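Here are a few friendly notes to read alongside the model. Keep the viewer open and follow the points in order.

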Amino acid sequence: LPSVQQLMAQEYLISLQFHITILILVFVTYIILSKIYVNKIKDYNIFRSLGYTKEDMKIMVHYELLLITIIAVLSSIVLLYTSSLFIDFVGEILSNNSLILTLLFIILMLIFALFISSKFNKKLFKFTVHKTFYREVL
């Protein structure tokens, strides 16, 4: 029969693995979103060629990325809590840390969204519209 300390150590290890998994998922999400936005430069250059200003583009990119992030966060939370109904250890971890994990996840994702958005806006205006479309033709 395992002692109380061994049970606590096992529970701590499972909790630590779960937190590390969540952090890895957050970073993977960051990488995916940043790659998506690098590929969307052509689309935004079309808006620039139509006369959108730098401020208009910044606002559009910020709102678009925040909307995508909010949808992704809400669906992730729903999936996590749904999986806790079927997977026992996820339910145990969520019952102990549910509010803290949820708030941490939401805050991290919003910070990453703002970081990606500002980074993307800097890249967006690095080249002129003419140079961007000229490179695509070649």
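**Notes on the predicted model**

1. Now look at α2 itself, which covers residues 41-49. Which of its residues are buried? They are I41, Y44, N45 and R48. Viewed down the axis of α2, these buried residues fall within an arc of 105 degrees, so they line one face of the helix.

2. Stepping back, the overall plan is simple to follow. The protein has 5 helices and 0 strands, and reading along the sequence gives the pattern α-α-α-α-α. Of the contacts with a separation of 6 or more, 80% are between residues 24 or more positions apart.

3. Next, the inside. Buried residues account for 25% of the 138 residues in the protein. The largest nonpolar core has 21 residues, and those with the most contacts inside it are V26, Y37, Y44, L65, F105, F120 and L124. At least two residues of this core come from each of α1, α2, α3 (54-86) and α4 (88-124). Which helix gives the most to this core? That is α4, with 8 residues. As general background, nonpolar side chains in soluble globular proteins tend to be buried together.

4. What does F105 touch, leaving aside its neighbours within four places in sequence? The residues in contact with F105 are I22, V26, V73, S76 and I77.

5. Is V73 buried or exposed? V73 is buried, because its relative accessible area is 5%, under the 20% cut-off. Not counting residues up to four places away in sequence, V73 touches F105, I106 and M109. V73 and T102 are 29 residues apart in sequence, with their C-alpha atoms 9.3 Å apart in space.

6. L80 is also found in α3, and L80 is partly exposed, with a relative accessible area of 22%. Along the chain, L80 and G91 are 11 residues apart, and 9.1 Å separates their C-alpha atoms.

7. Which residues make the nonpolar surface patch of about 730 Å²? The patch is made by Y12, L13, L16, I20, I24, V28, I32 and I36. Of these, I36 lies in helix α1, which spans residues 4-39. I36 is partly exposed, with a relative accessible area of 40%.

Note on methods:
Residues are numbered from 1 along each chain as its sequence is written. This is a predicted model: local features need pLDDT of at least 70, side-chain atom pairs count only at pLDDT 80 or more; totals for chains, interfaces and linings use all residues. Side-chain values use heavy atoms; hydrogens and water are left out. Patches are made of residues with over 30% relative accessible area and no salt bridge: like charges are joined within 9 Å, nonpolar side chains (Val, Leu, Ile, Met, Phe, Trp, Tyr) within 5 Å. Accessible areas come from the Shrake-Rupley method with a 1.4 Å probe; for residues, only the protein chains shown count as cover. A salt bridge is a side-chain nitrogen of Lys or Arg within 4 Å of a carboxyl oxygen of Asp or Glu. Helices (H or I, at least four residues) and strands (E, at least two) are DSSP runs, numbered from the N terminus. Buried means under 20% relative accessible area, exposed over 50%, partly exposed in between (1.4 Å probe, protein chains only). Contact means heavy atoms within 4.5 Å. The arc is that of the directions from the helix axis to the C-beta atoms. A nonpolar core is a set of buried Ala, Val, Leu, Ile, Met, Phe, Trp, Tyr and Cys residues joined through side-chain atoms within 4.5 Å.
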